[in-house]
Amino acid sequence: DLPAIKFDYKPSSLKGIDNGHTIQVNYAPGSSIDVGNAHYELVQFHFHKPSEEKIDGKAHAMVVHLVHRNAAGKLAVVAVLLDKGGANELIDTIWKNVPKTKEREASIGGVTIDAAKLLPDNKGYYTFQGSLTTPPCSEEVTWMVLKTPVRIGERDIAAFGKTYPMNARPTQALNGRAVQSSR
């Protein structure tokens, strides 16, 4: 019996960066998740194509990683799998406002986003201990992969793919780690 992830995401002004590896959105303070007795603040989210996570051996078109940090500096990442099959207004807004200059954050005046629009209705999840998927691949990251994918437009997948046709770390072996599943 895993505790539910309690999402408390609030709208944020759009601050984006093409960091040379992915499109990243740096999120304003004040949004968080609570899982059991653990509290984590949303720091940023970013995208990978294809998904770095597989469920029953199946990869998805893309994934968004919502990166959270607790007061002790420990990280928790919520992974939302993305499949083609419908428009997502939030992703459309992000793609239309990607900074033209790589490695320079841009604040987009007058544009507000809400990370809650990246979440499926069903928030059941798998969880495991792992590492970040980009260098330095730091360990001790709590991963929560939502079981239900979110649909995004094929046009949005193609738009991201023009810049990053493949920016996913290969799926790693479990190496003795346990994967737990919420009910």
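This is a predicted model: local features need pLDDT of at least 70, side-chain atom pairs count only at pLDDT 80 or more; totals for chains, interfaces and linings use all residues.

Biologist: Where does H65 sit?

Modeller: H65 is in strand β6.

Biologist: Which side chain has a polar contact with the side chain of H65?

Modeller: That of E53, at 2.7 Å.

Biologist: And what is H65 in contact with, leaving aside neighbours within four places in sequence?

Modeller: Its contacts include Q44, F45, H46 and H48. V77, V78, A79, T133 and W143 are also among them.

Biologist: Switching to helix α2. Which residues are buried there?

Modeller: D156, I157, F160 and G161 are buried in α2, which spans residues 154–163.

Biologist: Why do the buried residues line one face of the helix?

Modeller: Look down the axis of α2: its buried residues fall within an arc of 135°, so they line one face. In general, an α-helix has 3.6 residues a turn, so residues three or four places apart point the same way.

Biologist: What's on the other side of α2?

Modeller: E154, R155 and K162, which are exposed there.

Biologist: And what covers the buried residues?

Modeller: The cover of α2's buried residues includes strands β3, β5, β6, β7 and β11, plus helix α1.

Biologist: New topic. How many salt bridges does the count come to?

Modeller: Five. One of them joins the side chains of D1 and R183, at 2.3 Å from N to O. The pair links distant parts of the chain, 182 residues apart: D1 is in the segment before β1, R183 in the segment after β12.

Biologist: Are D1 and R183 buried or exposed?

Modeller: Both D1 and R183 are exposed.

Biologist: What about K102, which residue does it form a salt bridge with?

Modeller: D18, with the closest N and O atoms 2.9 Å apart. K102 is in the loop between α1 and β8 and D18 in strand β2, so the pair ties together parts 84 residues apart in sequence. K102 is partly exposed at 45%. D18 is buried at 5%.

Biologist: And E140?

Modeller: E140 forms a salt bridge with K74, closest N and O atoms 2.5 Å apart. E140 lies in the loop between β9 and β10, K74 in the loop between β6 and β7.

Biologist: Last one. Where is R177?

Modeller: R177 is in the loop between α2 and β12. Its side chain reaches the backbone oxygen of A173 at 2.8 Å. R177 counts as partly exposed, at 29% relative accessibility.

Note on methods:
Residues are numbered from 1 along each chain as its sequence is written. Side-chain values use heavy atoms; hydrogens and water are left out. Buried means under 20% relative accessible area, exposed over 50%, partly exposed in between (1.4 Å probe, protein chains only). Helices (H or I, at least four residues) and strands (E, at least two) are DSSP runs, numbered from the N terminus. The arc is that of the directions from the helix axis to the C-beta atoms. Contact means heavy atoms within 4.5 Å. A polar contact is a pair of N or O atoms within 3.5 Å; within protein, one must be able to donate a hydrogen and the other to accept it, and residues adjacent in sequence count only if both atoms are side-chain atoms. A salt bridge is a side-chain nitrogen of Lys or Arg within 4 Å of a carboxyl oxygen of Asp or Glu.
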